[in-house]
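Open your viewer, switch to a cartoon view and get ready to click along. We will begin with the whole chain and then zoom in.

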Amino acid sequence: MFKKSNNKNTTLNSTEKSIPKDSKPMEPPSNSVPSIISSDVVVKGNVSTSGEIQLDGTIEGDVKSKNLTMCENGTVKGKVTADDVIVKGSVNGSIVGRNVRLEKSAKLNGDICHQTLSIEAGAYIEGNLSHQSASTNPAPGNATKVMSANSDEKKEEKKDGKTKDLVDRL
C-alpha cells in the first residue's frame, strides 16, 4: 500500500499551495468561547481576532476584534476597534465601535466613534464623542467634547465675560 522512498532530497515545489484557492477568512462559530487575557498578562503589540476577547490584563497596542469586553483590571494603551465594546477598565486611546458601553468603573482618555453609546453614571471620559451612521464613516465635524463631571478638579469656563463653574451647570 505504501512504498518507502530512498530519495532523501524531497522538497515541496514553491508553486504548489497547500491552501485551497476557494478558502475564505475563518469566522468563529456562533458558539465559540472568547479569548481570555488574564490579569497577570501584558501584551506588547497589536491584537487582532475575528472573535471575542475578554480582557483582564494589559494590552500595549491596538486591539481589533468582533467583540471586546474589558473587565475592571483590563487596560488598553492604544486604539480599540470592535463591533461591540464593553469597558469596565481603562483605555488610553480611541474607541471605534458600533455599540459602545462604558460602565461606572470605566476610565477613557481618548475619542469615541460610535453608532450607539451607553455611559453609566461614574464613568470617566476625557475626549471627543462622534456619532457615525451605519452607512458612512465618522465625520470629524460631528464630534462633541466631553469632560467627566466626576473629576475632583473644578473646571471653569468663560462665556460672555463671566466665569461659571462647570459643576454648577450640571
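Here is a short tour, one selection at a time.

Before you start, note that this is a predicted model, in which local features need pLDDT of at least 70 and side-chain atom pairs count only at pLDDT 80 or more, while totals for chains, interfaces and linings use all residues. Residues are numbered from 1 along each chain as its sequence is written, and side-chain values use heavy atoms, with hydrogens and water left out.

**Select the whole chain.** You will find one helix and 16 strands; these are DSSP runs numbered from the N terminus, with helices being H or I of at least four residues and strands E of at least two. Of the 170 residues, 28% are buried, meaning under 20% relative accessible area with a 1.4 Å probe, counting protein chains only.

**Select residues 95-102 and 112-119.** These are strands β10 and β12, which pair in the parallel sense over seven bridges; strands count as paired if DSSP finds at least two bridges between them. Now click G97: which residue is its bridge partner in β12? The partner is H114.

Look for C113, which stands opposite S130 in β13.

**Finish at T75.** This residue lies in strand β7, residues 75-76. Is T75 buried or exposed? T75 counts as buried because its relative accessible area is 17%. Show its surroundings too: T75 touches L55, G57, T58, I59, M70 and S90, leaving aside residues up to four places away in sequence. A contact here means heavy atoms within 4.5 Å.

Methods
Buried means under 20% relative accessible area, exposed over 50%, partly exposed in between (1.4 Å probe, protein chains only).
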